[in-house]
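Work through these exercises with the coordinates open. Each task is followed by a stepwise solution.

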Amino acid sequence: MNEHNHIVKSYDQEQAALLDELIRMGEMSVAQLEAALDVLERRDDRAAERVIANDDAIDALEHQVNQDVVRLIRRGPMATDLRIILAALRVASDIERIGDLAANIAKRSMALNLAPPLPHTRGLDALGRLAARQVREVLDAYARRDGEAALRVRAHDAELDTLYTGLFRELLTYMMEDARAITPCTHLLFMAKNLERIGDHATNIAENIWFRIHGDHKPLPPREKRDDSNLITHA
């Protein structure tokens with residue numbers, strides 16, 4: 001093997017290692033989300049504290065990804081390689097935010113445990129499971145470099161928005177009917193918004209998969225949004 005081929009092979013191996021790190025980071029973030037949903041259902045403060053503490057591991061991995069990206073850039077990548085590296089940097093940021101939002105859900109679940117159980121946590125769990133599925137599907141699309149699968153994840157975000165808006169309306173109605181529910185329902189509203197944002201981050205990852213594959217040569221179609229919560233003034 002000549003020196004040029006050796007350099008190319010080494011560069012390809014580093015890119016593959018970067019992808020592996022991102023997939024591992026993504027799996028950690030979705031596991032965090034599913035754990036946060038579980039502690040919400042079980043009203044388990046100790047488990048919630050573990051979810052919060054585990055967020056540091058995702059932050060550490062993002063730092064490692066950033067260092068790896070800098071090292072690859074210093075080697076003077078070609079245009080296509082630079083697109084791959086830039087997409088990886090953006091994906092790492094979205095995954096880190098998913099981990100943060102999952103930790104925030106766990107924190108609010110502890111505050112929610114101070115009040116009697118509310119039936120609306122079932123709606124929140126359904127929203128959360130859908131968000132987790134979106135993240136898992138987009139990670140799979142990223143691992144397989146599957147642009148069409150990424151587009152399907154992006155399209156399904158409208159379903160998550162619809163579910164979120166319905167839960168938002170339901171919680172507002174409940175708060176208007178019972179003033180004692182205002183504080184716990186406020187926590188649920190913030191948790192629901194965190195889940196809707198996780199769906200947005202999954203969509204961002206899907207769009208970066210498309211960018212990684214096609215660059216600016218094949219524009220994305222317009223994305224449907226169904227989050228009408230900002231338009232709701234009364235239930």
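**Exercise 1. Which residues line the second largest cavity, and how do they divide by type?**

Step 1. A cavity is a set of points, on a 1 Å grid over the protein atoms alone, where a 1.4 Å probe fits but cannot get out. Lining residues have an atom within 4 Å of a point.

Step 2. List the lining. R43, L112, P116, P117, L118, T121 and P184 line the second largest cavity.

Step 3. Sort the lining. Five residues are nonpolar, one is polar and one is charged. Here Ala, Val, Leu, Ile, Met, Phe, Trp, Tyr, Cys and Pro count as nonpolar, Asp, Glu, Lys and Arg as charged, and the others, Gly among them, as polar.

Step 4. Give the volume. It is about 30 Å³ for the second largest cavity. A volume is the space filled by probe spheres set on the grid points, which are joined across faces, edges and corners.

A note on the source: this is a predicted model, in which local features need pLDDT of at least 70, side-chain atom pairs count only at pLDDT 80 or more, and totals for chains, interfaces and linings use all residues. Residues are numbered from 1 along each chain as its sequence is written, and side-chain values use heavy atoms, with hydrogens and water left out.

**Exercise 2. Describe the largest cavity and find which helix gives the most to its lining.**

Step 1. Count the cavities. The search of the whole structure finds two of 30 Å³ or more.

Step 2. Take the largest cavity. It holds about 50 Å³ of space.

Step 3. List its lining: Q15, L18, L19, L22, I84, A88, Y142 and R212. By type, the lining has six nonpolar residues, one polar and one charged.

Step 4. Assign helices. α1 (3–42) and α3 (79–112) each supply at least two lining residues. α1 gives the most, with four residues. Helices are DSSP runs of H or I with at least four residues, strands are runs of E with at least two, and both are numbered from the N terminus.

**Exercise 3. What is the overall make-up of the protein chain?**

Step 1. Count the elements. The protein chain has six helices and zero strands.

Step 2. Read along the sequence. The pattern is α-α-α-α-α-α.

Step 3. Check burial. Of the 235 residues, 47% count as buried. Buried means under 20% relative accessible area, exposed over 50%, and partly exposed in between, with a 1.4 Å probe and protein chains only.

**Exercise 4. How does α6 pack against α5 and against α4?**

Step 1. Two packed helices are described by the angle between their axes and the distance between the axes. Axes are lines fitted to C-alpha atoms, for helices over the stretch in contact, and angles run from 0 to 180 degrees between N-to-C directions.

Step 2. Take α5 (residues 147–177) with α6 (residues 182–214). The angle is about 170 degrees and the axes are 9 Å apart. So α5 is roughly antiparallel to α6. Angles under 35 degrees count as roughly parallel, over 145 as roughly antiparallel, 65 to 115 as roughly perpendicular and the rest as oblique.

Step 3. Sort the α5 contact with α6. Its residues divide into 22 nonpolar, four polar and eight charged.

Step 4. Take α4 (residues 121–144) with α6. The angle is about 15 degrees, with the axes 9 Å apart. α4 and α6 are therefore roughly parallel to each other.

Step 5. Assign the hand. The crossing of α5 and α6 is left-handed. The crossing of α4 and α6 is left-handed. Left-handed means that the near helix is turned anticlockwise from the far one by less than a right angle, and right-handed that it is turned clockwise.

**Exercise 5. Where do R43 and R145 lie, and what phi do they have?**

Step 1. Locate R43. It sits in the loop between α1 and α2. Its phi is positive, about 55 degrees, although R43 is not a glycine. R43 is partly exposed, at 30% relative accessible area.

Step 2. Locate R145. It sits in the loop between α4 and α5. R145 is not a glycine either, yet has a positive phi of about 55 degrees. Its relative accessibility is 45%, so R145 counts as partly exposed.

How values were computed
1 Å grid on protein atoms, 1.4 Å probe; cavity = no way out; pocket = protein on both sides within 12 Å on 5 of 7 lines; lining within 4 Å.
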